[in-house]
Amino acid sequence: MKCEQDRTRLAAYVMAALDPGEALLVAGHVRECPVCAGDVGEIRTTLAAVRRLPDEEMLGSWSGRLPELREAAVRAALARIPDRE
């Protein structure tokens, strides 16, 4: 897998949506590539933030709601970053 392409494949890997052979290939690449490992970490953080949303936040109309979701995901990701001094 080339780093410059197909981040949807990384997302599918995180969500265990790849066939076993492809998942092994992606896992091997992620172990060797710090850029893709970082992307996988970001995807996991975003999915964790979405999973913590109350059901009523996930249901109903999504029109105009994506900025709020993006902000919530970014806040959750930033909360996980240790303070650097």
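**Reading a helical model**

Modeller: A16 lies in the loop between α1 and α2. Helices here are DSSP runs of H or I with at least four residues, strands are runs of E with at least two, and numbering starts at the N terminus. The model is predicted, so local features need pLDDT of at least 70 and side-chain atom pairs pLDDT 80 or more, while totals for chains, interfaces and linings use all residues. Residues are numbered from 1 along each chain as its sequence is written, and side-chain values use heavy atoms, with hydrogens and water left out.

Biologist: What is the phi of A16 near?

Modeller: Most residues other than glycine have a negative phi. In A16 phi is near 55 degrees, a positive value in a residue that is not glycine.

Biologist: Is A16 buried or exposed?

Modeller: A16 counts as exposed because its relative accessibility is 67%. The cut-offs are under 20% relative accessible area for buried, over 50% for exposed and partly exposed in between, with a 1.4 Å probe and protein chains only. Of the 85 residues in the protein, 25% are buried.

Biologist: How many helices and strands does the protein have?

Modeller: There are five helices and zero strands, so the order from the N terminus reads α-α-α-α-α.

Biologist: At what angle do the axes of α1 and α2 cross?

Modeller: Two packed helices are described by the angle between their axes and the distance between the axes. For α1 (residues 7-14) and α2 (residues 20-32), the axes come within 10 Å and cross at roughly 105 degrees. That is why α1 is called roughly perpendicular to α2. Each axis is a line fitted to C-alpha atoms over the stretch in contact, with angles from 0 to 180 degrees between N-to-C directions. Under 35 degrees is roughly parallel, over 145 roughly antiparallel, 65 to 115 roughly perpendicular, and the rest oblique.

Biologist: Which residues in α1 and α2 meet?

Modeller: A contact means heavy atoms within 4.5 Å. From α1, R9, L10 and Y13 meet E22, A23, V26, A27 and V30 of α2. By class, these contact residues are six nonpolar, no polar and two charged. Ala, Val, Leu, Ile, Met, Phe, Trp, Tyr, Cys and Pro count as nonpolar, Asp, Glu, Lys and Arg as charged, and the others, Gly among them, as polar.

Biologist: Which residues make up the largest nonpolar core?

Modeller: Such a core is a set of buried Ala, Val, Leu, Ile, Met, Phe, Trp, Tyr and Cys residues joined through side-chain atoms within 4.5 Å. The largest has 11 residues: L10, A11, A12, V14, L18, V26, V30, C33, C36, V40 and I43. Two or more residues come from each of α1, α2 and α3, and α1 gives the most, with four.

Biologist: What does V14 touch?

Modeller: Leaving out residues up to four places away in sequence, V14 touches V40, I43, R44 and L47. V14 belongs to helix α1 and is buried, with a relative accessible area of 18%.

Biologist: Which residues of α3 are buried?

Modeller: C36, D39, V40, I43, T45, A48 and A49 are. D39, in helix α3, counts as buried because its relative accessibility is 10%. Beyond residues up to four places away in sequence, D39 touches R7 and L10.
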